[in-house]
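This report describes selected local features of one structure. The sequence and the coordinates are shown below.

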Amino acid sequence: MTESLEIITTSSDEGTLPLNESLSREIYEKMLTIRRFEEAVLEIYTQGLMRGLAHLYIGQEASAVGICSALNDDDYLTSTHRGHGHLIAKGGKVDRMMAEMMGKVDGYNRGKGGTMHIADMSLGILGANGIVGGGMGMATGAALSGKMRNSGQVAVCFFGDGAINQGAFLESANLASVWSLPVLFVCENNHYGEYTAASDVTAVREHVAERAAGFDMPAVVVDGNDAVAVHQTAMEMVKRARAGEGPCLIENKTYRYRGHHVGDGDPEKTYRTQEETDTWLARDPIPRFARRMMKAGMVDETELDTIDATITGLVEDAVEFAKESPYPVADEVTDHVYA
Amino acid sequence: MSTPERVITYGEAVREAIAEEMRRDETVFFMGEDVAAAGGVFKVTVGLLDEFGDDRVRDTPISEAGIMGAGVGAALTGMRPIVEIMFGDFITIAMDQIVNQAAKMCYMTGGQASVPLTIRTTIGAGRSSAAQHSQSLQAWLSHIPGVKVAIPSTPADLKGLLKTAIRDDNPTVIYEDKMMYALKGPVPDDDDYTIPFGVADIKREGSDVSIVATSSMVHTALKAADMLEQEQISVEVVDPRTLSPLDMETIVRSVQKTSRAVVIDEAYQSYGVTGELASRISDEAFDYLDAPVKRLGAMDVPVPFSPGLEPETIPDEEKLVRTVQSLFHDVPV
Ligand SMILES: Cc1ncc(C[n+]2csc(CCOP(=O)(O)OP(=O)(O)O)c2C)c(N)n1
Ligand SMILES: [Mg+2]
């Protein structure tokens, strides 16, 4: 085994905040925006204003924001069915996202995609995806394209612990490695795929990141609820990818606080224990990061409240914007089948 | 003034189309299994690596889903990839990337994204390649909105349609009959020669019956037409050339003239291209028909290996002649 196949497990020292103030604020605000956005999605869904499936990202915010805060605007990202957090972290606008949730014409996709397909090509967001593992090839291809055009762009492929068992992972990871493509494969291990524990269906010793060894790419296992650790890992891996050193696998260990999707029952009564959930709740990435900002003297309680009020207002405005936007007219149904 | 022509093979048409488009547009690149150094298992892409280098002509791992996915991603982000799937049978492994991703990106994103991806793959039985290397699965992708499908029968059509596909901003699929790579034919000597999708071609004019034929079956139809001419049955052979979009106008116009139609395609007969064409002709030209629309496809069995069995399963000119005759008088079909 070469050195690059070693699995590095990383988390940061809770007593410090080794990021500058503006970046820290940005990370905090993005994480909180995701949290408030998802709470609003839960609400509109419960009110019957949104149909389809709502897969909430609540609890996993540090993963999306830690990674995306290491990216440039023109870097690429592929997302998943649980994609709202990735989109917001990459710069997606919450009003247009919310309108898309409701199938309205001012939504990102003019109401044609909905929660599982939001894209913003101008931000390199190549789309959420309804197919588990569906974005892996695409991210690899976007990285290939960046490399062929000498653009210096990297691609981030977000996927879950469930998706790592898709054949697409093997094919894409091998291709990315053999061609040294600038892709970050980011597995968000929230320990469940729907209602099945990852450990019951995934043949690894301890970490899914062990699979990277089979593709001769470096792997890092990160405390995915620690935005600092995720950010630092991403910075290092993005730098490596931009330097032409190829892909990597990052495993962010995290937890979704809600069910698989809104309305599918209480997870703690069925496939997981309250005790386990409580352990993860104690590691909620948002208060954790807030405490560190306070300790570093960047913010105080009052300011945190102000930030929250601003973000909550922004999300409320997004909901109003979405409610007021009309449905697309029936004539649009045949638009955009072909470019 | 007509453009001067050269005679080339169906395989050379592939190579010329790719090379010309790669010279014309530096975002075009080509990848697939064994396509670069070896020039493909059918040797039709020999020479491309030498001219364009290994950045733009790529040998890939044996990963149909992976390379199709990479094609989709590259197409979404400013490139124009051409992906070869060696045998059309293997496209099954890449189906998610074509059907759920490439075909729907433009629509699902409300027109934000486009996927200028060209897929080349093969169809056709007749070389004892058995059940996993002989199928004609063109109906599968023709069923999917968002994909364009071409099924050329001559070197000229192949070259013109492939060049159009590469320039098109949508996912396009070119089905090449692997038995026709050595087929020769005239091709206009013009780097900008293209054929639009959705324009059928009358391969032979006639007045008594229209045979609508695809790919290799165009040649079967032309042979049948020669045979039927001796019985004073004048056959018009219509080649749709693209299945999606489909030029029903030309097909209907032909049937209005002849009042009889037979549809022939090399794929399994059930639930396929012949069913679609026959149904649309019956629907759109009903008032002009003097007989029911007949159709001929491959037998609904996996393609057998044995030279004693395989030909039985594929439509040929004898079967086609009998089918046409049955429209005029009682014959055992
Ligand atoms: C190809 C495919 N198979 C199954 C599903 C149904 N499905 C949707 S989400 C999901 C679980 C995915 O688990 P994971 O990858 O861990 O993501 P998470 O939901 O935990 O974020 C499944 C099985 C699907 N959408 N696509
Ligand atoms: Mg999971």
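Contact means heavy atoms within 4.5 Å. Not counting residues up to four places away in sequence, B:Glu33 touches B:Thr60, B:Pro61, B:Ile62, B:Ser63, B:Glu64, B:Ile67, B:Glu84 and B:Met86. The model is predicted, so local features need pLDDT of at least 70 and side-chain atom pairs count only at pLDDT 80 or more, whereas totals for chains, interfaces and linings use all residues. Residues are numbered from 1 along each chain as its sequence is written, chains are lettered from A in the order in which they are written, and side-chain values use heavy atoms, with hydrogens and water left out.

**Buried charges**

B:Glu33 lies in the loop between β2 (28-32) and α2 (48-52) of chain B; helices (H or I, at least four residues) and strands (E, at least two) are DSSP runs, numbered from the N terminus. A:Lys90 is found in the loop between α3 (84-89) and α4 (94-101) of chain A. Buried means under 20% relative accessible area, with a 1.4 Å probe and protein chains only. A salt bridge is a side-chain nitrogen of Lys or Arg within 4 Å of a carboxyl oxygen of Asp or Glu. For charge, Lys and Arg count as positive and Asp and Glu as negative; His and the chain ends are not counted.

| Buried residue without a salt bridge | Nearest side chain of opposite charge | Distance |
|---|---|---|
| A:Lys90 | A:Asp73 | 5.3 Å |
| B:Glu33 | B:Arg120 | 12 Å |

A polar atom of the A:Lys90 side chain lies 2.9 Å from the backbone oxygen of A:Asp73, and one lies 3.3 Å from the backbone oxygen of A:Asn72. Outside four places in sequence, the contacts of A:Lys90 include A:Cys68, A:Leu77, A:Leu123 and A:Ile125.

**Nonpolar cores**

A nonpolar core is a set of buried Ala, Val, Leu, Ile, Met, Phe, Trp, Tyr and Cys residues joined through side-chain atoms within 4.5 Å. The largest has 118 residues, and among the members that touch the most others are A:Phe159, A:Phe169, A:Phe185, A:Leu249 and B:Leu117. A second, separate core of 75 residues includes A:Val41, A:Val154, A:Leu184 and A:Val186.

**Helix α10 of chain A**

In α10 (residues 285-295) of chain A, the buried residues include A:Ile286, A:Arg288, A:Phe289 and A:Met293. Their cover includes α1 (21-46), β7 (219-223) and α11 (301-324) of chain A. At the start of α10(A), a side-chain oxygen of A:Asp284 comes within 3.0 Å of the backbone nitrogen of A:Ile286. A:Gly297, with a positive phi near 75 degrees, follows α10(A).

Note on methods. Buried means under 20% relative accessible area, exposed over 50%, partly exposed in between (1.4 Å probe, protein chains only). A polar contact is a pair of N or O atoms within 3.5 Å; within protein, one must be able to donate a hydrogen and the other to accept it, and residues adjacent in sequence count only if both atoms are side-chain atoms.
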